Amino acid sequence: MSDRMNEVSVERARERLHEVRLQVNGAWRSGQCAARTSLVDFLRETLRLTGTHVGCEHGICGACSVMLDGRPVRSCLMFAVQADGHSITTVEGLAAADGTMSVLQDSFCQTHGLQCGYCTPGMLIAAQALLERNRCPTEFEIRDAIGGNLCRCTGYQQIVDAIRLAAARLNAAATGAGSGVSAPAA
Ligand code: FES
Ligand code: FES
């Protein structure tokens with residue numbers, strides 16, 4: 001190891017650690033990290049919640065999206081210490097406690113809204129945030145809500161279909177109209 005690399009490792013070993021306490025998917029979790037640790041690294045490496053993906057690490061792709069106090073944020077652009085005391089929802093928080101997929105997650109399966117799945121956690125978080133504030137989104141509103149999330153596989157149409165299907169199913173359930181809503185035609 002070069003002297004410079006050695007110096008960097010010693011410097012990092014000496015870094016002061018901060019206690020961070022967050023409400024994640026309804027449960028309080030805590031851990032220690034350096035001030036420079038991003039929220040996504042804290043979630044993945046300290047809390048072992050690896051459902052949130054890391055893509056570009058500079059705010060472009062949306063793969064790292066989580067909800068902070070109900071609003072979608074890019075967790076690669078925040079320090080974990082900034083989220084101290086706040087409420088976070090990750091993709092792991094969308095399913096039921098027994099692992100049953102949410103209507104939104106199931107709708108992605110029904111419409112083939114994913115291929116490699118790399119963008120999917122971020123897409124689900126963007127869609128969840130949309131449906132929580134607007135249960136009847138137009139196609140334009142759906143496309144706008146996922147406009148900051150990149151997908152290199154699907155061409156986006158199946159993702160839009162998934163969110164439309166989820167909205168229809170949630171509305172049907174809320175009005176007691178049954179769940180016989182089928183996937184939009186390809
Ligand atoms: S990893 Fe955060 S926006 Fe790409
Ligand atoms: S499914 Fe592969 S990047 Fe979206």
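**Exercise 1. The overall layout**

How many helices and strands does the chain have? Give their order too.

Solution. 
- Step 1. Note first that the model is predicted.
- Step 2. Count the elements. The chain has six helices and five strands.
- Step 3. Read along the sequence. The pattern is α-β-β-α-β-β-β-α-α-α-α.
- Step 4. Check burial. Of the 186 residues in the chain, 39% are buried.
- Step 5. Check the reach of the contacts. Take those between residues at least 6 apart in sequence: 55% of them join residues at least 24 apart.

**Exercise 2. The largest nonpolar core**

Find which residues have the most contacts inside the largest nonpolar core. Then name the elements that give two or more residues to this core.

Solution. 
- Step 1. The largest nonpolar core holds 45 residues.
- Step 2. Met123, Leu124, Ala127 and Ile163 have the most contacts inside it.
- Step 3. Two or more residues come from each of β1 (17-24), α2 (39-46), β3 (65-68), α3, α4, α5 (139-145) and α6 (157-174).
- Step 4. Helix α6 gives the largest share of this core, eight residues.
- Step 5. In soluble globular proteins, nonpolar side chains tend to be buried together.

**Exercise 3. Helix α3 against helix α4**

Describe how α3 and α4 pack. State the handedness of their crossing.

Solution. 
- Step 1. Locate the helices. Helix α3 spans residues 103-110, and helix α4 spans residues 120-133.
- Step 2. Take the geometry. Their axes lie 10 Å apart, at an angle of about 125°.
- Step 3. Classify the angle. This makes α3 oblique to α4.
- Step 4. The crossing of α3 and α4 is right-handed.
- Step 5. List the contact. From α3 come Leu104, Gln105 and Phe108; from α4 come Thr120, Leu124, Ala127, Gln128 and Leu131.
- Step 6. Sort by class. The α3 and α4 contact has five nonpolar residues, three polar and no charged.

**Exercise 4. Helix α6 and its two partners**

Work out how α6 meets α3, then how α6 meets α4.

Solution. 
- Step 1. Start with α3. The axes of α3 and α6 come within 8 Å and cross at roughly 135°.
- Step 2. Classify the angle. It makes α3 oblique to α6.
- Step 3. α3 passes α6 in a right-handed crossing.
- Step 4. List the contact. Val103, Leu104, Ser107, Phe108 and Gln110 in α3 meet Ala162, Leu165, Ala166, Arg169 and Leu170 in α6.
- Step 5. Sort by class. The contact of α3 with α6 has seven nonpolar residues, two polar and one charged.
- Step 6. Turn to α4. The axes of α4 and α6 come within 11 Å and cross at roughly 40°.
- Step 7. The crossing of α4 with α6 is right-handed.
- Step 8. On the α4 side are Met123, Ala127 and Leu131; on the α6 side are Ile159, Ile163, Ala166, Ala167 and Leu170.
- Step 9. Sort by class. The contact of α4 with α6 has eight nonpolar residues, no polar and no charged.

**Exercise 5. Phenylalanine 108**

Is phenylalanine 108 buried or exposed? Name what it touches.

Solution. 
- Step 1. Phenylalanine 108 sits in helix α3.
- Step 2. Count neighbours. Phenylalanine 108 is buried because 25 other C-beta atoms lie within 10 Å, and the cut-off for buried is 20 or more.
- Step 3. Leave out residues up to four places away in sequence. Phenylalanine 108 then touches Gly113, Leu114, Thr120, Leu124 and Ala162.

Definitions and conventions: Residues are numbered from 1 along each chain as its sequence is written. Chains are lettered from A and ligands numbered from 1 in the order in which they are written. This is a predicted model: local features need pLDDT of at least 70, side-chain atom pairs count only at pLDDT 80 or more; totals for chains, interfaces and linings use all residues. Axes are lines fitted to C-alpha atoms, for helices over the stretch in contact, and angles run from 0 to 180 degrees between N-to-C directions. Helices (H or I, at least four residues) and strands (E, at least two) are DSSP runs, numbered from the N terminus. Angles under 35 degrees count as roughly parallel, over 145 as roughly antiparallel, 65 to 115 as roughly perpendicular and the rest as oblique. A crossing is left-handed if the near helix is turned anticlockwise from the far one by less than a right angle, and right-handed if clockwise. Two residues are in contact if their C-beta atoms, placed from the backbone, lie within 7 Å. Ala, Val, Leu, Ile, Met, Phe, Trp, Tyr, Cys and Pro count as nonpolar, Asp, Glu, Lys and Arg as charged, and the others, Gly among them, as polar. A nonpolar core is a set of buried Ala, Val, Leu, Ile, Met, Phe, Trp, Tyr and Cys residues joined through C-beta atoms within 7 Å. A residue is buried if 20 or more other C-beta atoms lie within 10 Å of its own, exposed if 12 or fewer, and partly exposed in between; C-beta atoms are placed from the backbone.
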